[in-house]
Amino acid sequence: MSASVPPGVVCEGSHTEKHSGGAVDGWLAFEKVKLYTNAFIVEEGRILLGYKKRGFGKDLYNGFGGKVEPQETPLEAAVREMQEEAGITAPLKKCGTLFFVCEDIDHAFHIDIFVADEYTGAIIETDEMRPGWFSTSQGAPSSELPPIPYSRMWADDVFWMPMLLAGKPFIGRADFVQDGTMQKWWFAEV
Ligand SMILES: COc1nc(N)nc2c1ncn2[C@H]1C[C@H](O)[C@@H](COP(=O)(O)OP(=O)(O)OP(=O)(O)O)O1
């Protein structure tokens, strides 16, 4: 199915809506948009997440990423951020694009999401992130690793992470109010 997508979301082909909801009708307005990346290693039934030790999203688990610098492509930024935050180099491939608006932040986030199934180097804890492996088999305790800690991640992640793990490209948008509550969301496979 292909229908209109929320403001800020770019979809060139068709899409199939998977999740939408929220307590309000309209989307939050935004003026400026900044480009970000977020990247994950998924291999052998496990996913590498980082516990964010400082800055935006402090005390939450997330992928590794940050702002795209002016001279960089999003892929270059994603590779650099993975090296800076986890100490590893990975052949990242884009798997999704997300758009977030937070009531108390002066710009919207356009985030290209990347994934790789291998990496080189030794994973290290950095000033910004404490990396850790989590099991990708939710509900089936086939691993000694803990399950993905959705209750300690951004509230949007539970909607699109299953598409990332299934290898299905995705798009989506979520709006957050000042206390961090997600007030409206929409996610689709493309
Ligand atoms: C609001 O919803 C979000 N959900 C998820 N899952 N991830 C998000 C959300 N909003 C932002 N992010 C991601 C995007 C980036 O990967 C980080 C934020 O990047 P950060 O502020 O750490 O950028 P840096 O360039 O590393 O910043 P400094 O060098 O200034 O520390 O969160």
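The hairpin of E8 and E9 has 5 residues between its strands, and in it Gly180 takes a positive phi near 90 degrees. This is a predicted model, in which local features need pLDDT of at least 70, side-chain atom pairs count only at pLDDT 80 or more, and totals for chains, interfaces and linings use all residues. Residues are numbered from 1 along each chain as its sequence is written. Helices (H or I, at least four residues) and strands (E, at least two) are DSSP runs, numbered from the N terminus.

**Strand pairing**
- Strands E8 and E9 run antiparallel and are joined by 7 bridges; two strands pair if DSSP finds at least two bridges between them.
- Phe170 has Glu189 in E9 as its bridge partner.
- E9 is also joined to strand E1 (residues 16–22), by 6 bridges, and these two run antiparallel.
- His19 stands opposite Phe187 in E9.

**Helix H1**
- The 13 residues of H1 (residues 74–86) should span 18 Å at 1.5 Å a residue, and the end C-alpha atoms are 18 Å apart, which agrees; the expected span is 1.5 Å times one less than the number of residues.
- Buried residues of H1 are Pro74, Ala77, Ala78, Val79, Glu81, Met82, Glu85 and Ala86, where buried means that 20 or more other C-beta atoms, placed from the backbone, lie within 10 Å of the residue's own.
- Their cover includes strands E2 (32–43), E3 (46–52), E6 (107–116) and E7 (129–135), by contacts between C-beta atoms, placed from the backbone, within 7 Å.
- Gly87 follows H1 and has a positive phi, near 80 degrees.

- Not counting residues up to four places away in sequence, Ala39 touches Gly63, Phe64, Gly65, Ala78, Glu81, Met82, Leu92, Phe114 and Val115.

**Ligand shell**
- The ligand is surrounded by 18 residues, of which the closest are Asn38, Gly65, Gly66, Lys67 and Trp154; a residue is near a molecule if its C-beta atom, placed from the backbone, lies within 6 Å of it.
- E2, strand E5 (93–102) and E6 each supply at least two residues of the shell, and E2 gives the most, with 3 residues.
- The shell divides into 8 nonpolar, 7 polar and 3 charged residues; Ala, Val, Leu, Ile, Met, Phe, Trp, Tyr, Cys and Pro count as nonpolar, Asp, Glu, Lys and Arg as charged, and the others, Gly among them, as polar.

Key
A residue is buried if 20 or more other C-beta atoms lie within 10 Å of its own, exposed if 12 or fewer, and partly exposed in between; C-beta atoms are placed from the backbone. Two residues are in contact if their C-beta atoms, placed from the backbone, lie within 7 Å.
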